[in-house]
Protein chains: 2
Amino acid sequence: MKRRIYLKMHTLEDAKRVFLDEAPLRPLDSELIRVEDSSSRVTSSPVFAKISSPQYHSSAMDGIVVRSTDTIGVSEVRPKVLILGKDAEYINTGDPIPSEFDAVIMIENVHKIDDNRIEIREAAKPWQHIRIIGEDLVKGELILPSNHKIRAQDIGAMLAGGVVDVEVYKKPKVCIVPTGSELVEPGERLEIGNIIEFNSRILSDLIKNWGGEVTRHEILDDDYDLIKNSIESLIDKFDIILIIAGSSAGSEDYTPSIIEELGSLLVHGVCIMPGKPVALGIIGDIPIVGIPGYPVSAIIAMEEFVKPLIFKMLGLKAIKRRSIKAKVKQKIQSKVGMEERIRVNLGYFKEKEWGYVAVPLKKGSGIITSMVRADGILRVPKLLEGFDKETEVEVELLRDEEIIKKNILLVGSHDNALEILQNELKVKYQDINLLLINVGSLGGLMAMKRGETHITGIHLLDTETGEYNIPFVKKILSDLEVILINLVYREQGLILKRGNPKKINGLEDLIREDVHFINRQRGAGTRVLLDYKLGELNLDKSKIKGYDTEVFTHLAVSAAVKDSSIDVGLGIRASSNVFGLDFIPIAKERYDLVIPKVYYELENIQKVIEIIRGEEFKKKVEALGGYDTSSTGEVIFEG
Amino acid sequence: MKRRIYLKMHTLEDAKRVFLDEAPLRPLDSELIRVEDSSSRVTSSPVFAKISSPQYHSSAMDGIVVRSTDTIGVSEVRPKVLILGKDAEYINTGDPIPSEFDAVIMIENVHKIDDNRIEIREAAKPWQHIRIIGEDLVKGELILPSNHKIRAQDIGAMLAGGVVDVEVYKKPKVCIVPTGSELVEPGERLEIGNIIEFNSRILSDLIKNWGGEVTRHEILDDDYDLIKNSIESLIDKFDIILIIAGSSAGSEDYTPSIIEELGSLLVHGVCIMPGKPVALGIIGDIPIVGIPGYPVSAIIAMEEFVKPLIFKMLGLKAIKRRSIKAKVKQKIQSKVGMEERIRVNLGYFKEKEWGYVAVPLKKGSGIITSMVRADGILRVPKLLEGFDKETEVEVELLRDEEIIKKNILLVGSHDNALEILQNELKVKYQDINLLLINVGSLGGLMAMKRGETHITGIHLLDTETGEYNIPFVKKILSDLEVILINLVYREQGLILKRGNPKKINGLEDLIREDVHFINRQRGAGTRVLLDYKLGELNLDKSKIKGYDTEVFTHLAVSAAVKDSSIDVGLGIRASSNVFGLDFIPIAKERYDLVIPKVYYELENIQKVIEIIRGEEFKKKVEALGGYDTSSTGEVIFEG
């Protein structure tokens, strides 16, 4: 099979026009369903009341029903006695008004004399406290127009109007076809080269939320004829077909060719990132979409093409996400000619005034967790090279603004204790999210200087004084008043494969020919520590194989040691423990939280400190191993 | 049974504190469910990755995998040939990196020489285009904290992290018990005095949307022991019990007494309107709520008490509805001491600047259609008597602002053709809502003068000149430039019971002793017409029985004639036809739409006019009977 290259790439607008506006589309059938079961369905014809509501003149109050003419002239000073069963009758809310009466007096204004007689002290206007026939709905009245998405109150109104069945559009039937010989089902045994097929489950949930009905096809191997024949057999049974993966330019990317053979390939490749390798086509009047295999690309392709398609079929307009204005505090680069979507976290920060700041998350379209963590999406228009720092941008929201405003950003060094903190906070205060962005200790201080984080976490050894953290804070955050609070003391050391097969005994062994190392990124406190220790021992770092291979967390170091050809890395004992690896201690270091005074007294931040100081938190952290919490929560420095 | 009066009425805050914060609450159990089925469920413990993703170093691109050291010094001017199978291998996105290689070159930059050899023209940095183990998720990493509501991307991330089952809170089990001897199920035969039980269906949908699981109990008659015994038998089986109706002060309102007998009645009566007659209690640690029987009151009681209760059980915080600022253009009265909730429509209007205006809908808590039609809810605080006109108020939104901004308000006279227009507009342009508010012709002109409507519909006969509409527009809207467009000509006449049992032959018969009339509200064009015709005939309107009974639409007149002791009303033929009633024509009148020039050119308004001028609309209107569309869409007047 030849690799295929993209047809002419389409702009997003062009692709939408060709696929959503111009391509033929088979209309959805309607069906009659019970009103009780119609929640979130969409009316396919107008709904008119079959009966009036109320169906008869009825009492709007608990009280007595009277003839208004009998009450003329009655007042506090001229009360009147009425005979029950003759001049008046007790009546409850909703009861029909007997035809001889025409007004209701509220029970609060009725004075009982005995079982047969009552006294009233005010006149009743004709028709007072009476709900006239049809007050709510009149037979023949329009209750709901066509193309209306049914809500709880609509169900109530239809039933009140005597409507028990309602005509709605059938749900668009969407078939999802995952392809790829490397795919295995969740829970199945994973071999090297296998990938868990989770994209179809994301798509499936999106489609259900948008009002479609999902059928998931079994995984198909990368076999041109197998995929082609399977798709062919689905055409008559579904309204939309989605093929996951195989739409890119690899040697086993068959989707565009198959669409072309069975129908028309309208678009292959769209100028959006993530989401570029999407394929859009029709077979007859059935839309078919090649969804990119990377999960973030898949979600974006779904939102740009499949959501509006389903909404169009259902006669609805898709509503844009809400957006807010935010500033970016670092230069954001983007490729000209591509409309980029950057996942960001958002925080509410104070400079001269309070306002939102957007902090970009990792870009990779394979990083599904970026969609889990993001607060919003920043679109970089096609013709921009990105944004300069301090630019005000528009961010589409993935969470409610009310929640986002309470976000606490913690951009800085990674530590397992922070995840415990994050979870404890969520359990105790459901609306406060602690967002952890791992950029290392120096990165954290720089983010704080830029005004991108409420808290940073650092463990930086000053190699001249041997002092931790404070010298760096004084230097980098010289024009900011901050408070340092100890989070933990922790053990750093060499993380080794279980049983230490390469017999590594210390840092001296890192320069051995047969030893592969994995490093932390520049600016990470752990890397600072490594360089300091290598210097002490006069070891030449250029001799270390893998010194330039960088990962961003302790856990990532451990994972690489556990499951790849890498033998050793430097990291904390807790992360070594997670993987059951061997560990040789190198240093005990202090990990502190830095909080600017302007945020320190905020209710949210105080809640964080309250949790850090609690016994529950310390106990859970100690249980990870390699931690000393004897100073946890103490103020280390103010200035 | 004695009528019971309210215990001390509680303020809303007090009632919430007593019921939601202070009362004991049995915690929900957790259950382990498949991640695939976990959409919208709430995690009850933190979710950590069981495996890393990717699980191995893998290619991030389609291309070739190489040793970076082999490529040192390679450039456009110093290309290098690599032997496939020795120096390089083809690789697809996601494939594992063989352990002898450490970099990927994109396929776009690979130049094929023959089947065994390729040429590269750039150096590869170590680890370029490689996804390192754990790039997305590292084993042991926190994927989701506790108390997190699961979304599509969360499902993807959990599966990517090797998590196939997730611990979530069990859905709160809510039992809804409708009570009332007058209730019948939807679709059952209705006798006078029967009411369709639709409240439980509204509640049911709300609870499902909030994350609860609903069981609907069969309808219980108003029988103290029956209700008490039924509730008693439900206590062990549910987490929340809702009793609909019987919580007020009528003679058959048993709910508060039953709660008191079985457990503790914490609150009876809350200072909100609608929603006052709510009863809140606990039986052991099971919350029990007496929900008012009027549907709007029921919805408000649900939102104030049951929604936060369910969210609390699930460990979530309920998010407030979004709100916007709007002006009111008429005085809004409210009872001091009660926190009132007023349903409003919203429109975007131009005065000096563009801004939202809130137009109140009918107040009655029995009017479920007010919840169908409303765009938002205006809260009048407890201690205010209401709002003066021109006050800026905060309105909680029931629809998306994007939709609301496109709303077209048509406050004015009612005509059946308007409902056709409303539906046609929705079918053709899904995001434009035409909101019909029936206040009669004069009411419509006054609303336009106040700046509360984009269009008004009028049919007003000037009794001096015999001319329709224009004299009123000139007088009332003297400082506004408007355009009049004809909607229809239509027949007005007497609407009579089928077969005309009272032998009514004309307006002269209205003053007969045995004839009961129903009138339209003051300011309605139909009432103006009636008074004019009565004057022509020198008939004394004080002799007409029911002259003071007012309803707001033609359909309401017809409904009253059809199904009550009322014999006759004045209205249009189309509405008489809906009910199959007899009709005696009295006049043919012109019904015009009035549109201020400032709105006339708006895209939305032009779409309305386009539909009115279309043949489809005219055909559908003619089919109603009694209409002449020969001038429909014509400009009648500009000035």
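Predicted model: local features only at pLDDT ≥ 70, side-chain atom pairs only at ≥ 80, totals over all residues.
User: What does the secondary structure of chain A come to?
Analyst: Chain A has 17 helices and 38 strands.

User: And is chain A a compact globule or more spread out?
Analyst: More spread out, because its radius of gyration is 34 Å, well over the 26 Å that the globule rule gives for 639 residues. Along the principal axes, the C-alpha atoms of chain A fill a box of roughly 110 × 70 × 45 Å.

User: How much of chain A is buried?
Analyst: Buried residues account for 59% of the 639 in chain A.

User: Switching to the interface: how many residues of chain A and chain B are in contact?
Analyst: On the chain A side 108 residues are in contact with 109 residues of chain B. The two chains bury about 9,200 Å² between them, and 59% of that is on carbon and sulfur atoms.

User: How many salt bridges across it?
Analyst: The rule finds six between chain A and chain B. One of them pairs E36(B) with R201(A), where the closest N and O atoms are 3.1 Å apart.

User: What about polar contact?
Analyst: Across the interface of chain A and chain B, 40 residue pairs are in polar contact.

User: Which element gives the largest share of the side of chain A that touches chain B?
Analyst: Helix 2 of chain A, residues 152–160, which supplies eight residues.

User: And how do the residues of that side divide?
Analyst: On the side of chain A that touches chain B, 53 are nonpolar, 29 polar and 26 charged.

Methods:
Residues numbered from 1 in each chain as written. Chains lettered and ligands numbered in written order. Heavy atoms only, no water. Contact = heavy atoms within 4.5 Å. Buried area = accessible area lost by both parts, 1.4 Å probe. Salt bridge = Lys/Arg side-chain N within 4 Å of Asp/Glu carboxyl O. Polar contact = N/O pair within 3.5 Å; in protein donor to acceptor, adjacent residues only side chain to side chain. Helix = DSSP H or I, 4+ residues; strand = E, 2+ residues; numbered from the N terminus. Nonpolar A, V, L, I, M, F, W, Y, C, P; charged D, E, K, R; others polar. Rg over C-alpha atoms; globule rule 2.2 N^0.38 Å. Buried < 20%, exposed > 50% of the residue type's maximum accessible area, 1.4 Å probe, protein only.
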